[in-house]
Amino acid sequence: LIIGENYDALKHLWATYIDKNGKGLIDVIYIDPPYNTEATKAEGNDYKEEIEATKFIYRDKFTRDGWLNMMNERLKLAKRLLSDRGVIFISINDAEQAYLKVLCDEIFGEETFIGNLPRITKKSGKDHAEGIAKNHDYVLVYIKSKAFSPFGGLELNNDK
(Lines give C-alpha, C1' and ligand atoms only; values in the text may rest on other atoms or scores of the structure.)
Protein backbone atom coordinates (compact mmCIF):
# COMPACT_ATOMS: atom_id res chain seq x y z
CA LEU A 1 0.00 0.00 0.00
CA ILE A 2 1.46 3.33 -1.07
CA ILE A 3 -0.11 6.55 0.14
CA GLY A 4 0.98 9.74 -1.59
CA GLU A 5 1.31 11.31 -4.99
CA ASN A 6 0.41 8.45 -7.33
CA TYR A 7 2.72 9.57 -10.16
CA ASP A 8 5.74 9.43 -7.85
CA ALA A 9 4.62 6.04 -6.56
CA LEU A 10 4.16 4.68 -10.09
CA LYS A 11 7.61 5.93 -11.14
CA HIS A 12 9.22 4.21 -8.15
CA LEU A 13 7.38 0.97 -8.88
CA TRP A 14 8.70 1.13 -12.46
CA ALA A 15 12.25 0.46 -11.23
CA THR A 16 11.26 -2.78 -9.52
CA TYR A 17 8.19 -4.14 -11.29
CA ILE A 18 9.20 -4.13 -14.95
CA ASP A 19 11.01 -7.27 -16.10
CA LYS A 20 14.12 -7.37 -18.30
CA ASN A 21 11.88 -7.56 -21.40
CA GLY A 22 9.97 -4.43 -20.44
CA LYS A 23 6.80 -6.26 -19.31
CA GLY A 24 4.86 -5.15 -16.26
CA LEU A 25 4.72 -7.44 -13.23
CA ILE A 26 1.88 -5.94 -11.18
CA ASP A 27 -1.43 -7.80 -11.13
CA VAL A 28 -3.63 -5.20 -9.37
CA ILE A 29 -3.50 -1.40 -9.26
CA TYR A 30 -5.99 0.77 -7.39
CA ILE A 31 -5.77 4.53 -7.93
CA ASP A 32 -7.80 7.08 -6.01
CA PRO A 33 -6.99 10.25 -7.97
CA PRO A 34 -8.15 13.77 -7.16
CA TYR A 35 -11.84 14.13 -7.97
CA ASN A 36 -11.37 17.77 -9.00
CA THR A 37 -13.85 18.96 -6.35
CA GLU A 38 -11.94 21.95 -4.92
CA ALA A 39 -12.47 20.32 -1.49
CA THR A 40 -9.07 21.45 -0.22
CA LYS A 41 -9.20 24.99 -1.59
CA ALA A 42 -9.53 26.32 1.97
CA GLU A 43 -6.04 24.90 2.67
CA GLY A 44 -4.53 27.02 -0.11
CA ASN A 45 -4.89 24.35 -2.75
CA ASP A 46 -5.68 26.28 -5.89
CA TYR A 47 -4.20 25.71 -9.35
CA LYS A 48 -3.83 29.47 -9.78
CA GLU A 49 -1.73 29.93 -6.65
CA GLU A 50 1.74 28.65 -5.81
CA ILE A 51 2.00 27.33 -2.29
CA GLU A 52 4.88 26.02 -0.22
CA ALA A 53 4.16 22.51 0.98
CA THR A 54 5.11 21.73 4.56
CA LYS A 55 3.16 18.46 4.39
CA PHE A 56 1.66 16.31 1.64
CA ILE A 57 -1.09 18.39 0.05
CA TYR A 58 -3.69 16.61 -1.98
CA ARG A 59 -4.26 18.95 -4.89
CA ASP A 60 -7.89 18.82 -5.91
CA LYS A 61 -8.47 21.82 -8.18
CA PHE A 62 -7.52 21.66 -11.83
CA THR A 63 -8.78 22.96 -15.11
CA ARG A 64 -10.50 20.09 -16.96
CA ASP A 65 -7.65 19.89 -19.51
CA GLY A 66 -5.10 19.97 -16.71
CA TRP A 67 -6.90 17.18 -14.86
CA LEU A 68 -7.12 15.02 -18.00
CA ASN A 69 -3.43 15.57 -18.76
CA MET A 70 -2.54 14.64 -15.18
CA MET A 71 -4.63 11.46 -15.42
CA ASN A 72 -3.32 10.59 -18.89
CA GLU A 73 0.32 10.42 -17.80
CA ARG A 74 -0.53 8.37 -14.69
CA LEU A 75 -2.76 5.90 -16.50
CA LYS A 76 -0.24 5.30 -19.28
CA LEU A 77 2.42 4.55 -16.68
CA ALA A 78 0.01 2.31 -14.75
CA LYS A 79 -0.81 0.35 -17.91
CA ARG A 80 2.88 -0.35 -18.53
CA LEU A 81 3.25 -1.62 -14.95
CA LEU A 82 0.34 -4.07 -15.25
CA SER A 83 1.11 -7.70 -16.00
CA ASP A 84 -0.72 -9.36 -18.90
CA ARG A 85 -3.33 -10.60 -16.42
CA GLY A 86 -3.43 -7.27 -14.59
CA VAL A 87 -6.49 -5.24 -13.57
CA ILE A 88 -6.78 -1.58 -12.62
CA PHE A 89 -9.45 -0.02 -10.39
CA ILE A 90 -9.87 3.78 -10.49
CA SER A 91 -12.14 5.69 -8.09
CA ILE A 92 -13.95 8.75 -9.41
CA ASN A 93 -17.05 10.91 -8.85
CA ASP A 94 -19.95 12.02 -11.05
CA ALA A 95 -18.26 15.21 -12.24
CA GLU A 96 -15.26 13.52 -13.90
CA GLN A 97 -16.49 9.95 -14.44
CA ALA A 98 -17.51 10.35 -18.09
CA TYR A 99 -14.26 12.11 -19.00
CA LEU A 100 -12.19 9.47 -17.21
CA LYS A 101 -14.09 6.66 -18.96
CA VAL A 102 -13.31 8.10 -22.41
CA LEU A 103 -9.64 8.56 -21.46
CA CYS A 104 -9.42 5.00 -20.12
CA ASP A 105 -11.09 3.63 -23.27
CA GLU A 106 -8.38 5.36 -25.28
CA ILE A 107 -5.49 4.12 -23.11
CA PHE A 108 -6.62 0.60 -22.19
CA GLY A 109 -9.02 -0.06 -25.07
CA GLU A 110 -12.81 -0.24 -24.97
CA GLU A 111 -12.64 -4.03 -25.23
CA THR A 112 -10.85 -4.28 -21.85
CA PHE A 113 -13.50 -2.32 -19.94
CA ILE A 114 -15.01 -4.55 -17.23
CA GLY A 115 -17.43 -2.20 -15.55
CA ASN A 116 -18.31 1.04 -13.84
CA LEU A 117 -19.05 -0.02 -10.27
CA PRO A 118 -21.05 2.22 -7.94
CA ARG A 119 -19.49 2.57 -4.47
CA ILE A 120 -21.65 3.75 -1.58
CA THR A 121 -19.89 6.63 0.19
CA LYS A 122 -22.60 7.62 2.69
CA LYS A 123 -25.04 5.49 4.67
CA SER A 124 -27.99 7.50 3.47
CA GLY A 125 -28.85 9.65 0.51
CA LYS A 126 -29.55 12.76 2.60
CA ASP A 127 -27.64 15.04 0.23
CA HIS A 128 -30.12 15.35 -2.61
CA ALA A 129 -29.76 17.32 -5.81
CA GLU A 130 -33.25 17.83 -7.13
CA GLY A 131 -34.50 14.54 -5.65
CA ILE A 132 -31.49 12.39 -6.60
CA ALA A 133 -29.44 10.85 -3.78
CA LYS A 134 -25.73 11.72 -3.94
CA ASN A 135 -24.45 8.87 -1.78
CA HIS A 136 -22.03 7.15 -4.14
CA ASP A 137 -19.08 7.50 -6.42
CA TYR A 138 -17.68 5.03 -8.97
CA VAL A 139 -14.84 2.61 -9.54
CA LEU A 140 -13.88 2.09 -13.18
CA VAL A 141 -12.39 -1.37 -13.85
CA TYR A 142 -10.17 -2.28 -16.81
CA ILE A 143 -8.01 -5.30 -17.54
CA LYS A 144 -4.71 -5.22 -19.39
CA SER A 145 -5.62 -7.99 -21.84
CA LYS A 146 -8.80 -9.87 -22.72
CA ALA A 147 -6.64 -12.98 -23.17
CA PHE A 148 -5.82 -13.13 -19.44
CA SER A 149 -8.92 -12.05 -17.53
CA PRO A 150 -8.43 -12.22 -13.74
CA PHE A 151 -12.18 -12.60 -13.24
CA GLY A 152 -12.40 -16.39 -13.37
CA GLY A 153 -13.27 -16.74 -17.03
CA LEU A 154 -16.20 -14.34 -16.99
CA GLU A 155 -17.12 -13.52 -20.55
CA LEU A 156 -16.34 -9.93 -21.43
CA ASN A 157 -19.27 -8.95 -23.58
CA ASN A 158 -20.41 -5.35 -23.32
CA ASP A 159 -23.29 -5.98 -25.75
CA LYS A 160 -25.51 -7.54 -23.06
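User: Leaving aside neighbours within four places in sequence, which residues is Asp137 in contact with?

Analyst: Happy to list them: Tyr35, Ile92, Asn93, Leu117, Pro118, Arg119 and Thr121, where contact means heavy atoms within 4.5 Å. This is a predicted model, in which local features need pLDDT of at least 70 and side-chain atom pairs count only at pLDDT 80 or more, while totals for chains, interfaces and linings use all residues. Residues are numbered from 1 along each chain as its sequence is written, and side-chain values use heavy atoms, leaving out hydrogens and water.

User: What makes Asp137 count as buried?

Analyst: Its relative accessibility is 4%, and buried means under 20% relative accessible area (exposed is over 50%, partly exposed in between; 1.4 Å probe, protein chains only). Asp137 therefore counts as buried.

User: Why is helix 1 called roughly parallel to helix 2?

Analyst: Helix 1 (residues 6-16) and helix 2 pack at an angle of about 25 degrees, and their axes are 10 Å apart. Angles under 35 degrees count as roughly parallel (over 145 is roughly antiparallel, 65 to 115 roughly perpendicular, the rest oblique), so helix 1 is roughly parallel to helix 2.

User: Which residues of helix 1 and helix 2 meet?

Analyst: Asn6, Tyr7, Leu10, Lys11, Leu13 and Trp14 in helix 1 meet Glu73, Arg74, Leu77, Ala78, Arg80 and Leu81 in helix 2. By class, this contact has seven nonpolar, one polar and four charged residues.

Conventions. Axes are lines fitted to C-alpha atoms, for helices over the stretch in contact, and angles run from 0 to 180 degrees between N-to-C directions. Helices (H or I, at least four residues) and strands (E, at least two) are DSSP runs, numbered from the N terminus. Ala, Val, Leu, Ile, Met, Phe, Trp, Tyr, Cys and Pro count as nonpolar, Asp, Glu, Lys and Arg as charged, and the others, Gly among them, as polar.
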